[in-house]
Amino acid sequence: MDKLEILRKLAKGEITSEEAFELLKGEPEHTQEIFEKVKFLGDPTPKVIHDTLNEHTEKIFPLKNNAVSLDLTRGKYTLKCDENISEIQIFGKGSAEQVDKSVKLFGKFEILIPKVPTVNISLSTGSLRGEVHTDTLNVAVNTGSAQLNIDCQVCNIANKLGSISVSFDEGLKVLNVTNKLGSIDIKVPRSFNGVVNTSRKFGNISFSSDVIFSYSKFGKYIVGVNGDAVVNIATKLGSVEFGYDTGGEINEDIQVQEEGGSGR
């Protein structure tokens, strides 16, 4: 077997490197030089690829600047607040890492966050469900869907092509909403009192039929009386609806009845 045939068999994986070396021993002055120039077409031994996206993942990430920042991509996420923890905890399957100040997730995760002054959430091509308790909440949705129960004083929502449903507690003071091509459903408690300022361009901003106005004219609406809450809504091509959280009222009625009282 000449040198060329030996090298061809080695490149095709028909013989091992040790067998090729033994066959080439007859020409010591050229063997090492030739051996180093061999270009292998492939490793005959199959490689095992480890699929980390199917692994169960449990991780803890520290807070940065006493805030929670989540960057969620192409996944299904459940968010809960736990006042008894001091770090961000995640459980599920997929990729999870902390980049600068944000925890970046890709996959299916349950996320536990502590009570902190500020929570930042960015969602792209995925779904998010859960609750948030904080002072200031910033939510940005590119595409995907988000459904959140929120207890905060200040909330900023920016929606591009997503579908967002948010229900607020009584502590809301300021809500700023910017919507492009998506849809946003805003629910507030029936006790809400405040000013709702609206601006639209080819889009639609509507109020549920049971919302009570004490003033309504030229994009300015006063809901209830003597309220100091401020809601600013701007939409372009998309739709925004503002109404009372009747679902929350039903849950309260059920709880009262279970405790032996009477509902509304």
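Residues are numbered from 1 along each chain as its sequence is written, and the model is a predicted one in which local features need pLDDT of at least 70, side-chain atom pairs count only at pLDDT 80 or more, and totals for chains, interfaces and linings use all residues. Side-chain values rest on heavy atoms, with hydrogens and water left out.

Helices (H or I, at least four residues) and strands (E, at least two) are DSSP runs, numbered from the N terminus. Two strands are taken to pair if DSSP finds at least two bridges between them. Strands β2 and β4 run parallel and are joined by 10 bridges. Within this pairing, Thr73 has Phe106 of β4 as its bridge partner. Strand β3 (residues 88–99) pairs with β4 in the antiparallel sense, over 11 bridges.

Salt bridges were searched for in the whole structure, and 6 were found. A salt bridge is defined as a side-chain nitrogen of Lys or Arg within 4 Å of a carboxyl oxygen of Asp or Glu. One of them is formed by Lys104 and Asp71, whose closest N and O atoms are 2.8 Å apart. This pair links distant parts of the chain, since Lys104 belongs to strand β4 (residues 102–113) and Asp71 to strand β2 (residues 67–81), 33 residues apart.

Lys115 is in the loop between β4 and β5 (116–124), whereas Asp135 is in strand β6 (residues 126–141), so the pair ties together parts that are 20 residues apart in sequence. Lys115 has a relative accessibility of 40% and therefore counts as partly exposed. Asp135 is partly exposed as well, with a relative accessible area of 34%.

In another salt bridge, the side chains of Asp210 and Arg190 meet at 3.5 Å, N to O. Asp210 is in the loop between β13 (204–207) and β14 (213–217), and Arg190 is in the loop between β11 (183–188) and β12 (194–201); this pair links distant parts of the chain, 20 residues apart. Asp210 is partly exposed at 28% relative accessibility, and Arg190 is partly exposed at 41%.

A nonpolar patch on the surface is formed by Leu161, Leu181, Phe202 and Leu237, which together have about 450 Å² of accessible area. Patches are made of residues with over 30% relative accessible area and no salt bridge, where like charges are joined within 9 Å and nonpolar side chains (Val, Leu, Ile, Met, Phe, Trp, Tyr) within 5 Å. Accessible areas come from the Shrake-Rupley method with a 1.4 Å probe, and for residues only the protein chains shown count as cover. Phe202 lies in the loop between β12 and β13. With 67% relative accessibility, Phe202 counts as exposed. The phi of Phe202 is near 65°, a positive value in a residue other than glycine. Leu237 is located in the loop between β16 (229–236) and β17 (239–244), and its phi is near 75°, likewise positive in a residue other than glycine.

A disulfide is a covalent bond between the sulfur atoms of two cysteines. In the present count, a disulfide is a pair of cysteine sulfur atoms within 2.5 Å. By this rule, the structure has 0 disulfides. Cys152 is in no disulfide, and the nearest cysteine sulfur, that of Cys155, is 4.7 Å away. Cys152 is buried, with a relative accessible area of 3%. Cys81 is also buried, at 17%.

Ser127 is placed in strand β6 and is buried, its relative accessible area being 18%. Contact means heavy atoms within 4.5 Å. When neighbours within four places in sequence are left aside, Ser127 is in contact with Gly75, Lys76, Tyr77 and Ser145.

Terms used:
Buried < 20%, exposed > 50% of the residue type's maximum accessible area, 1.4 Å probe, protein only.
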